[in-house]
There are 2 protein chains.
Amino acid sequence: DLLTCEDGGPSGSAKVRLGLKYETEERCFTVAVMQIANGGSLPLPTDQNMYVRVVVLPCLETTRCLFRTRGVSPWETVDLNEVFGVQVSHSALRQKTLRVDVCYTNKLGKEECLAGAQISLAEISSSGERSTKWYNLLNYTYVSDIDAKHRE
Amino acid sequence: DLLTCEDGGPSGSAKVRLGLKYETEERCFTVAVMQIANGGSLPLPTDQNMYVRVVVLPCLETTRCLFRTRGVSPWETVDLNEVFGVQVSHSALRQKTLRVDVCYTNKLGKEECLAGAQISLAEISSSGERSTKWYNLLNYTYVSDIDAKHRE
């Protein structure tokens, strides 16, 4: 059901399943990168592995805020199940935004990101329960298309 | 309470309040752009008005998917209350992502966007009820900083 496509819409978009949790006592925000669905639809060069990059922004210099999963082959559904934690107060966290990108390392050793999700933490709960959802990954070519069309 | 800032975190980020609704019978997705908070924190050139640009992506050529509010001064809190609608099936909508950017028109007449939110519609409800939330606007300079640091 998740990847159904109707009405001549785009074929099922790549998605990432995330679990977000804030624990007040530990002052800890955790991001669980659980699965990628439809990863094969991303324009990954042949013979490359992809990985998920997680960034909590804005980022203070003194705190770690950037994490990467291991690399995986772009199969239709990939299980990752990696968890990353950031020490932060709930009020500071609510000013932040989570960016989650699917990237690979190109032949020059540089990071190239293909698609991503951006998740506002303005209304993140402090209940300590993990909120698990699928998020569509927006292909960067769509965003640059819009900018190109409307800047000319 | 919304704009409280603790722990040396960044000062209250700019935010946009959106109401999202999908009505199954009319096959219509509506985005209400309600308010901007802390808009004065965005790096808008003096004497420029800002506006909100709403895009539903990916966008088929045959459908209107890009909308702009009127221009407003960057006061701390701005009421916009403009509503935009897109005809789309619920299953196609669930493959899409909403981008909401705060932009202005520069002296050459080109659109420049300062900050934005990106909202996955993978789990949007078809209940017909409006879901109203505040979303942090991520300043684009943070995103390009990350890319610059980790590409070198």
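**Reading the cysteines of a predicted model**

Colleague: Is Cys65(B) buried or exposed, and what is the relative accessible area of this residue?

Modeller: Cys65(B) has a relative accessible area of 8% and is therefore buried, where buried means under 20% relative accessible area, exposed means over 50%, and partly exposed covers what lies in between (1.4 Å probe, protein chains only). This is a predicted model, in which local features need pLDDT of at least 70 and side-chain atom pairs count only at pLDDT 80 or more, while totals for chains, interfaces and linings use all residues. Residues are numbered from 1 along each chain as its sequence is written, chains are lettered from A and ligands numbered from 1 in the order in which they are written, and side-chain values use heavy atoms, with hydrogens and water left out.

Colleague: Which residue forms a disulfide with Cys65(B), and how far apart are their sulfur atoms?

Modeller: A disulfide is a pair of cysteine sulfur atoms within 2.5 Å; here the partner is Cys59(B), and the two sulfur atoms are 1.9 Å apart. The link is left-handed, with -100° about the S-S bond, and Cys59(B), at 31% relative accessible area, is partly exposed.

Colleague: What joins Cys59(A) to Cys65(A)?

Modeller: A disulfide joins them, with an S to S distance of 1.9 Å, and because the torsion about the S-S bond is about -95°, this disulfide is left-handed. Cys59(A) counts as partly exposed at 30% relative accessibility, whereas Cys65(A), at 8%, counts as buried.

Colleague: What is the torsion about the S-S bond of Cys103(B) and Cys113(B)?

Modeller: The torsion is about 85°, so the disulfide of Cys103(B) and Cys113(B) is right-handed. This pair links distant parts of the chain, with Cys103(B) in strand S6 (residues 97–105) of chain B and Cys113(B) in strand S7 (residues 111–120) of chain B, 10 residues apart; strands (E, at least two residues), like helices (H or I, at least four), are DSSP runs numbered from the N terminus. The S to S distance is 2.2 Å, and both cysteines are buried.
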